[in-house]
Amino acid sequence: QKEVEQDPGPLSVPEGAIVSLNCTYSNSAFQYFMWYRQYSRKGPELLMYTYSSGNKEDGRFTAQVDKSSKYISLFIRDSQPSDSATYLCAMRNGATNKLIFGTGTLLAVQP
Amino acid sequence: GAVVSQHPSWVICKSGTSVKIECRSLDFQATTMFWYRQFPKQSLMLMATSNEGSKATYEQGVEKDKFLINHASLTLSTLTVTSAHPEDSSFYICSAVGYNEQFFGPGTRLTVL
């Protein structure tokens with residue numbers, strides 16, 4: 001079993017839709033949870049960074065962490081074609097900066 | 001914001017040659033940098049952890065004699081792919097740790113003919 005599981009997609013939605021991206025994990029030592037966006041042939045860029053269970057909102061993006069279920073989500077409201085990219089979840093424990101990545105979900109927002 | 005650069009952005013080389021990729025943190029100091037490899041439509045696979053002033057720590061299955069890492073200063077780490085072969089063709093991405101976060105470079109696409 002992989003430490004981090006993520007549905008690879010691809011996921012195709014119409015412009016304006018709400019997108020839900022999810023990851024599950026097995027290591028209860030993970031404390032820090034991140035979502036990265038990666039455009040084709042580019043490096044990942046950090047979108048959201050959360051530490052505790054609960055919700056964190058930043059503009060159209062909301063990150064949700066449920067440590068009891070070992071489940072994290074990223075919601076994108078009013079999705080735009082410019083949101084089309086691969087979204088990677090990543091997480092780490094408190095003792096190291098080493099990140100464990102999900103496989104990434106390819107999102108396409110159709111105009 | 002924190003910016004990480006990589007050079008070159010792409011490189012094509014002949015089989016058997018060595019290629020050096022640079023990773024720089026432009027506006028912050030990074031005692032720790034990471035090197036990843038990413039194959040098409042796959043996630044990032046950590047290759048090694050680069051620590052300034054000490055030897056790199058390699059992940060299981062990564063040949064340290066083939067992928068030489070040097071972290072000579074707080075703003076520069078280099079990855080040298082020695083005696084490159086076509087199977088080494090990939091997208092190599094570095095990251096630098098600053099402000100308790102990892103900031104990623106734009107990646108280097110290596111093609112070995």
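Tutor: Before we start, a cavity here is a set of grid points where a 1.4 Å probe fits but cannot get out. Bear in mind too that this is a predicted model.

Student: Good to know! How many cavities of 30 Å³ or more does the count come to?

Tutor: The count comes to one cavity of 30 Å³ or more. The largest cavity has a volume of about 30 Å³.

Student: And which residues line the largest cavity?

Tutor: From chain A you have Met34(A), Tyr49(A), Arg92(A), Asn97(A) and Leu99(A), and from chain B there are Asn100(B), Glu101(B) and Gln102(B). By residue class, that lining divides into three nonpolar, three polar and two charged.

Student: Let's move to the interface. How many residues does each chain bring to the contact?

Tutor: Chain A gives 16 residues and chain B gives 19 residues. Between them the two chains bury about 1,400 Å², with 54% of it on carbon and sulfur atoms.

Student: Which three residues supply more of chain A's buried area than any other three?

Tutor: Those are Arg41(A), Asn97(A) and Lys98(A), which supply 33% of the area that chain A buries against chain B. Asn97(A) is also one of the residues lining the largest cavity.

Student: What does the side chain of Lys98(A) meet in a salt bridge?

Tutor: Its partner is the side chain of Glu59(B), at 3.0 Å from N to O. The count between chain A and chain B is one salt bridge. For polar contacts, the count is six residue pairs, both residues at pLDDT 80 or more.

Student: Which elements give two or more residues to chain A's side?

Tutor: Strand 4 (30–38), strand 5 (45–50) and strand 9 (85–93) of chain A do. The residues on that side of chain A divide into seven nonpolar, five polar and four charged.

Student: Back to Arg41(A): where does it sit?

Tutor: Arg41(A) is in the loop between strand 4 and strand 5 of chain A. Its backbone is worth a look: phi is positive, about 65°, although Arg41(A) is not a glycine.

Student: New topic, peptide bonds. Is the one from His7(B) to Pro8(B) cis or trans?

Tutor: The bond from His7(B) to Pro8(B) is cis, with omega near 0°. Pro8(B) lies in the loop between strand 1 (4–7) and strand 2 (10–13) of chain B.

Notes:
Residues are numbered from 1 along each chain as its sequence is written. Chains are lettered from A and ligands numbered from 1 in the order in which they are written. This is a predicted model: local features need pLDDT of at least 70, side-chain atom pairs count only at pLDDT 80 or more; totals for chains, interfaces and linings use all residues. Side-chain values use heavy atoms; hydrogens and water are left out. Contact means heavy atoms within 4.5 Å. Buried area is the accessible area (1.4 Å probe) that two parts lose on being put together, summed over both. A salt bridge is a side-chain nitrogen of Lys or Arg within 4 Å of a carboxyl oxygen of Asp or Glu. A polar contact is a pair of N or O atoms within 3.5 Å; within protein, one must be able to donate a hydrogen and the other to accept it, and residues adjacent in sequence count only if both atoms are side-chain atoms. Helices (H or I, at least four residues) and strands (E, at least two) are DSSP runs, numbered from the N terminus. Ala, Val, Leu, Ile, Met, Phe, Trp, Tyr, Cys and Pro count as nonpolar, Asp, Glu, Lys and Arg as charged, and the others, Gly among them, as polar. On a 1 Å grid over the protein atoms alone, a cavity is a set of points where a 1.4 Å probe fits but cannot get out, and a pocket is an open set with protein on both sides within 12 Å along at least five of seven lines; lining residues have an atom within 4 Å of a point. Grid points are joined across faces, edges and corners, and a volume is the space filled by probe spheres set on the points.
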